[in-house]
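Student: I would like to go through a structure with you. Could we take it step by step?

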Amino acid sequence: MLPRARQHWPYYLTEGVSLACFVVGSGLATLLATHPASPVARALPAHPLAHRAAVGLLVAGVISALAYNPWGQRSGAHFNPAVTLGFWQLGRISGADAGAYLLAQVAGAAAGAALLHLAVGRWLAHPAIHHLLTQPKPEPGGTALAWGAEFVITGGLMLVLLVALHSPALQKATGALVAALLAVYITLEAPLSGMSLNPARSLGTALLAGEFRGLWVYWTAPPLAAWLAVVGWKWRRGHPLARALRPGPGPVSFGGTTPPHYPDPNPKA
């Protein structure tokens with residue numbers, strides 16, 4: 001473990017810092033597009049759909065910037081424990097590195113949430129923002145709805161990643177495809193579950209707000225969905241007919257680099 005950590009710590013740091021940047025960037029996007037005091041929010045149509053669409057577009061820009069910058073690409077640009085679990089199941093990252101990624105992601109999300117609270121905490125407390133928490137609806141059936149929605153959207157995200165990363169025509173566009181999918185999810189799915197997809201992100205904001213209602217939803221549904229998506233993908237590609245019809249190349253990283261495993265011991269920075 002220690003020799004691996006000494007060799008791979010820059011990748012763990014990349015994941016942590018990137019998650020912190022994502023939490024800060026997505027939080028500021030939410031403030032700009034939804035807080036009543038924001039000139040951007042006031043300029044948008046009054047319908048909530050317009051505000052969610054604006055948040056989605058801004059968050060898509062944030063995730064694209066993180067995924068395509070050379071530094072972020074070095075770690076494979078997971079930025080999400082559920083995605084890391086999926087790549088572990090795919091055999092593209094060792095268990096030790098996956099565990100270190102998880103710790104770095106959680107620490108980064110918590111650090112990003114802390115920075116937001118230090119900088120704009122009084123605006124985060126507004127009911128329209130509610131400290132950026134992702135929580136199920138409080139009414140009966142809200143928790144089941146949130147769990148099912150998180151399971152579906154995370155499975156969809158993982159399948160998009162798998163298809164794009166195994167397609168020579170789509171590999172370089174993987175980050176853009178994921179960003180576009182996040183924008184759609186935020187616009188259309190957010191009312192169902194808060195649109196987390198990311199256990200670390202949900203935990204980071206919950207820690208700072210001191211509210212943990214329904215947090216288990218975001219730590220069970222996304223990881224399970226990502227893991228099952230990869231299991232299904234491997235089974236389908238491993239079927240003799242699938243191998244004959246769809247040989248395809250091996251997977252590459254989210255950001256567009258092609259290391260044999262994540263993280264790349266010899267990154268091209």
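This is a predicted model: local features need pLDDT of at least 70, side-chain atom pairs count only at pLDDT 80 or more; totals for chains, interfaces and linings use all residues.

Student: How many helices and strands are in the chain?

Tutor: The chain has 12 helices and 0 strands. Here helices (H or I, at least four residues) and strands (E, at least two) are DSSP runs, numbered from the N terminus.

Student: And what share of the chain do buried residues make up?

Tutor: Of the 269 residues, 49% are buried. Buried means under 20% relative accessible area, exposed means over 50%, and partly exposed lies in between (1.4 Å probe, protein chains only).

Student: What about contacts between residues at least 6 apart in sequence?

Tutor: Among those contacts, 75% join residues at least 24 apart. A contact means heavy atoms within 4.5 Å.

Student: Let us turn to the core. Which residues have the most contacts inside the largest nonpolar core?

Tutor: They are Phe22, Leu124, Met158, Met195 and Leu197, in a core of 53 residues. Helix 1 (2-34), helix 3 (48-68), helix 5 (81-90), helix 6 (95-124), helix 7 (142-165), helix 8 (174-188) and helix 11 (215-238) each give two or more residues to this core. Helix 6 provides the largest share, 9 residues. A nonpolar core is a set of buried Ala, Val, Leu, Ile, Met, Phe, Trp, Tyr and Cys residues joined through side-chain atoms within 4.5 Å.

Student: What is Phe22 in contact with?

Tutor: Leaving aside neighbours within four places in sequence, Phe22 touches Gly27, Val59, Val62, Ile63, Leu66 and Arg201.

Student: Why is helix 5 described as largely enclosed?

Tutor: Helix 5 is largely enclosed by the rest of the structure because 8 of its 10 residues are buried. Among them are Pro81, Val83, Phe87 and Leu90. The buried residues of helix 5 pack against helix 6, helix 7, helix 10 (199-209) and helix 11.

Student: New topic: how many aromatic pairs does a search of the whole structure find?

Tutor: The search finds 2 aromatic pairs. Rings of Phe, Tyr and Trp (its six-membered ring) pair if their centres lie within 6.5 Å; planes under 30 degrees apart count as stacked, over 60 as edge-to-face and the rest as tilted. Tyr12 and Tyr101 are edge-to-face, at 6.0 Å centre to centre with 80° between the planes. This pair links distant parts of the chain, with Tyr12 in helix 1 and Tyr101 in helix 6, 89 residues apart.

Student: Are those two tyrosines buried or exposed?

Tutor: Tyr12 counts as buried at 12% relative accessibility, and Tyr101 is buried at 0%.

Student: Why does the pair of Trp147 and Phe151 count as stacked?

Tutor: The pair is stacked because the ring centres of Trp147 and Phe151 are 5.4 Å apart and their planes lie at 10°. Trp147 and Phe151 are 4 residues apart in helix 7, separated by about one helical turn. Trp147 is partly exposed, with a relative accessible area of 25%, and Phe151 is partly exposed at 26%.

Student: Where is Gly194 placed?

Tutor: Gly194 is in the loop between helix 9 and helix 10. The C-alpha atoms of Gly194 and Thr134 are separated by 4.8 Å, although the two are 60 residues apart along the chain.

How values were computed:
Residues are numbered from 1 along each chain as its sequence is written. Side-chain values use heavy atoms; hydrogens and water are left out.
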